[in-house]
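I opened this model to look up its strands, its sheet and its chain contacts. My notes follow the display.

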Protein chains: 2
Amino acid sequence: MPLPAPTPGSGKRLRLPDLAMRHWLADYGRRDLADDLVAGMITAILLVPQSLAYAMLAGLPPQAGLYASMLPPILYAALGTSRTLAVGPVAVAALLVASTLGSRGVTDPQQALIHGVILAFEVGALLFVLGLLRAGKLMNFLSHPVLSGFTTGAALVIVISQIKHLTGIPATGQEAPALLAQLMAGVGQTKPMTLMLGLGAMGFLWLSGAPLGRLLRRFRVPERAALLMGKSAPLAVVLSGTALVAWGEWHIHHGVAVVGALAVGLPHIDLSFLGAGGPWLDLLPAAALIALIGYVESVSVAKVLANRRRQRVDPDQELIALGVANLGAAFTGAMPVAGGFSRTVVNDTAGARTPLAGVFTAILVGLAALYLTPLFSYMPQAILAAIIVVAVLNLVDVAALRQAWRYDRTDAGALLATLAGVVALGVERGLLLGLALSLLLFIWRAGHPHIARVGQVPGTEHFRNIQRHAVETWPEILLVRVDESLCFANAGPVEDFILQAIREKPETRHVVLIASAVNAIDTSALDMLLGLIHALRSLDVTLHLAEVKGPVMDRLQRVDLPGQLAPGRIFLHTHEAVRMLTDQATLSRDSSRHAGQERA
Amino acid sequence: MPLPAPTPGSGKRLRLPDLAMRHWLADYGRRDLADDLVAGMITAILLVPQSLAYAMLAGLPPQAGLYASMLPPILYAALGTSRTLAVGPVAVAALLVASTLGSRGVTDPQQALIHGVILAFEVGALLFVLGLLRAGKLMNFLSHPVLSGFTTGAALVIVISQIKHLTGIPATGQEAPALLAQLMAGVGQTKPMTLMLGLGAMGFLWLSGAPLGRLLRRFRVPERAALLMGKSAPLAVVLSGTALVAWGEWHIHHGVAVVGALAVGLPHIDLSFLGAGGPWLDLLPAAALIALIGYVESVSVAKVLANRRRQRVDPDQELIALGVANLGAAFTGAMPVAGGFSRTVVNDTAGARTPLAGVFTAILVGLAALYLTPLFSYMPQAILAAIIVVAVLNLVDVAALRQAWRYDRTDAGALLATLAGVVALGVERGLLLGLALSLLLFIWRAGHPHIARVGQVPGTEHFRNIQRHAVETWPEILLVRVDESLCFANAGPVEDFILQAIREKPETRHVVLIASAVNAIDTSALDMLLGLIHALRSLDVTLHLAEVKGPVMDRLQRVDLPGQLAPGRIFLHTHEAVRMLTDQATLSRDSSRHAGQERA
């Protein structure tokens, strides 16, 4: 049987998909409908330009982003347990798709789309199967500093990848360092009108953020209206930029790159990718990474928002819902999807009450796909790049670094190493580096337990570190407290500490190991204890334990540790151990002399 | 600054090599000399045939084993901190060399020797540099179940690899499964005289072990004489087997494979391998594995024996000593060396007092190399295989498996998985599998903390699990105790537990998190606490902490957690928290009603 007690709800049976919508659809009211409609509209106005921008970031044709905003959120609405998670294309997943395409040298749009769709299918299948297996807890194994370093690093990589669109400098490099070098070398080829469009759009988007919010609050504009105005900025920028290009024919006269004419229309089920003979197995590691990052981002934001409303997000059902949403993306020729962090917050702030808001968003994006595609002929890529850059700058988390630096330098180091790894080595290798570092750090800490020799605070039953307090000790008794569970990583150091203490204090006849902070003892540490008993016995010293916790004691009894300890004992309290052992002092005198002779 | 307090002695400066022999040479006496001479002789009699056998196991010419028993133990004697560690060729390192040669398809003896010598050089360089860096603690990160599974698996692989020598069945496979299949298919080609020699030698060696020991004890033969008789068995078997083959010319008439004529002589410094253009980089991973396993085996046995004598083994100086010993092996054309487990026990039991015993052993092996080589022409490989098989069967550790099975099924699972991995996938991949498993298991356990809702034992200041004891609770106060350090792996489960408890008990106004078993809080868990404070606040619930340990508190103060908690507090004792919060009950009544309305 495993060490930990089984956590409630983590039964061994498969998790069956649950039509979670029945929970909120039953008592859905008119006011819910009105709220969901408004929230759905505000989110859609933000989502249409973002869908185009993230498709461009991923290196896919525009419909891969638009379609990702249609069927997937509708499927999530039926199955998801979060009421407000906005599912669709997201920046980090788009970057991972771009990095996968880049590392495989895929540039042909049709080939790129097949790769993107296969990735979406694999992401969906992985999440769905993990959901059936109730593996929602897996997300707990990504440490915050690593996640934060990864996200900030990915945001920087995304910004670097968009500079070529913002400036018009030609660049083909994939990894951030190579790309930066190309951009520096080509700085003379900057296209002035492209740069102006890009910088102008970024300036407008920045102004429409916090500065506009402050202004509107000063004039007491109601919150939802203010949100609508702020979140319309990307659409306004796209429309006015497109109008400018169309009016001046800048794409012809000034070389401004545009999305280009494309009939998008509504998505239809297309399973042809299944037979397209794509590199299914080769794409699997990238798909696993997109699934992990997308899932963690989705559930993190869903949980924060659900907690505020006393609602519950079920991590296993979320795996299933996000899995089905990605399968839906694949079947309609779209890129992988996840719950976007900032878009979900917008949806929540806009007053969404149920996932029906997401359905309304999907319908509005569908209308845009039907009627706005003629605009694509003149839509400048620089504007989309500006939208991407302003959106991902929100992901740069300086506060997390500052806090980690103050709280724990090693965690801050893991954060910085992950960040640097993502920028210098690429997103996948950077993340793997971070994961490896956080595991090593974890073991390293367990391998450096706090161990103290303790003595009795005079006149009390309390025992404290002899280096910090004026306490009473006894020459024949060594009291040692270990403030950590005993495991393979620290079994050696604990043994060394005790043996070293005995070498320094050779009159010791009894060692009492105080286990008040020992929550578990693994097999390696058990071996260490058994070895220590014998090593001490050959030095004529007896090992005792004190304050062993119930579950630890149960396990020790299975291998008869109490019997192996004898004549050593397991005391309930340290003061009891001291009382008993000091009473025995005269008894142990003889054996003490014997041991002294042996050493001579 | 890292979480753990720096361990004494782990300074940041480089560890300089120490001529450790000065510690024992200063007061070396005549009785020491007599004891060391006898022990050195007994060990040499065991070592000569083992050196030949392990060279054969490694797939190297005989002198690679004999030379490994000459200069390396002398260098170790000068630098090592263990008094009795017997350094020389060992079975597991030989297997790893064989596996490396096999996977690279090296069969030419001269090429094989160059590979073996490069491996010895790399092992030596790695250990030496790790020693300078004071990395002796690294050995703590190999868990006992994984090490035990690896050793037992390696022993089985070694036995399987020797069947061809014991039976004369021709087989060329490298991995154990392929080899077994070949042996089964070729069972009809068994050579009767070879089989007879092999089985006869194994039977004799087995009888000269425990059964002979029992017999000699019954006749009160002194311990050292009994040991000499028992440990002479391999030499006796080799000599009589060689005599039989020479007398009957079995190598001609019955196809008995022999070592073959070879002028060995004394080793000389030969640096030609440095310029031989071998695959240095490709061999590095294998060298790292040999270094790790050899070091852990050496230090484990050295520590056990030193503890019995109140002596100390310095893990960092051992890295340096074993590193120099391996460099010495490389410079004299020998295979990688380590401290052998059983040979060290023999040396210790034979009465060795200082590493000078190892020097005497080396001299005796040198005499054997000078004068016994003519015997090689008739020395049957089946006899050497029998010596290997009987020696490595000691490494099969059924007791460790039985104990792990009783104590902790997951550790037993890790042991069995490593064992099966070594046999089925090969030694390197099996070990890597075991290492990965033990890390995952470690994190998995941290991710499943014991969390309990507690209440007050009436009339006391003690608090116990409400599911196990009849305790007093209060409707507005939730007391939660977590029996584990808080880290990224369990931050999610702890948060979920508390939020779930509040959903089940919506009248809760105060949550007290009892941190008496929390030895550390990492950055991820700090983020969780900060998020929890806000999530609870939006539910009109206040979070408090109790019984926070000193070092944890120091760290929390750096990020002003006490300020963030307010109006929540950090109580010294749980009973103090309960007294204060129940006094406040009337105050919290109002907010309680307010929250009730919001939920309605």
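In what sense do strand β5 (residues 477–482) of chain A and β6(A) pair, and over how many bridges? I looked it up: the pairing is parallel, over 5 bridges. Two strands count as paired if DSSP finds at least two bridges between them. Helices (H or I, at least four residues) and strands (E, at least two) are DSSP runs, numbered from the N terminus.

**Ground rules.** I am reading a predicted model: local features need pLDDT of at least 70, side-chain atom pairs count only at pLDDT 80 or more, and totals for chains, interfaces and linings use all residues. Residues are numbered from 1 along each chain as its sequence is written, while chains are lettered from A and ligands numbered from 1 in the order in which they are written.

**Chain A overall.** I find 27 helices and 8 strands in chain A. Its radius of gyration is 31 Å, whereas a compact globule of 600 residues would have one near 25 Å. That radius is taken over C-alpha atoms, and the globule rule is 2.2 Å times the number of residues to the power 0.38. The C-alpha trace spans about 105 × 60 × 60 Å along its principal axes. I see 53% of the 600 residues counted as buried. Buried requires 20 or more other C-beta atoms within 10 Å of the residue's own, with C-beta atoms placed from the backbone.

**Strand β6(A).** I checked its cover next. Strand β6 (residues 510–514) of chain A has 5 of its 5 residues buried. One side carries His510(A), Val512(A) and Ile514(A); the other carries Val511(A) and Leu513(A). In a regular strand the side chains alternate between the two faces of the sheet.

**Its neighbours.** Ile477(A) stands opposite His510(A) in β6(A). On to strand β7 (residues 542–546) of chain A: 5 bridges join it to β6(A), and the two run parallel. Leu513(A) has Leu545(A) as its bridge partner there. From β6(A) the chain crosses through helix α23 (residues 523–538) of chain A to β7(A), in a right-handed β-α-β crossover. Right-handed means that, with the strands pointing away from the viewer, the path from the first strand over the helix to the second runs clockwise. β5(A), helix α22 (residues 488–504) of chain A and β6(A) also make a right-handed β-α-β unit.

**The sheet.** I traced an open sheet of 6 strands in chain A, in the order β4-β3-β5-β6-β7-β8, with mixed pairing. β4 (463–465) and β8 (570–571) of chain A are the edge strands, each pairing on one side only. Helix α26 (residues 574–583) of chain A packs on the sheet, at about 170° to β6(A). α22(A) lies across β3 (451–456), β5 and β6 of chain A, at about 160° to β5(A). Axes are lines fitted to C-alpha atoms, for helices over the stretch in contact, and angles run from 0 to 180 degrees between N-to-C directions.

**Chain B contacts.** How many residues of chain A are in contact with chain B? I get 58 residues of chain A against 58 residues of chain B. Contact means C-beta atoms, placed from the backbone, within 7 Å. α23(A) gives the largest share of chain A's side, 7 residues. That side divides into 25 nonpolar, 16 polar and 17 charged residues. Here Ala, Val, Leu, Ile, Met, Phe, Trp, Tyr, Cys and Pro count as nonpolar, Asp, Glu, Lys and Arg as charged, and the others, Gly among them, as polar.

Conventions. Buried ≥ 20, exposed ≤ 12 C-beta atoms within 10 Å, placed from the backbone. Contact = placed C-beta atoms within 7 Å.
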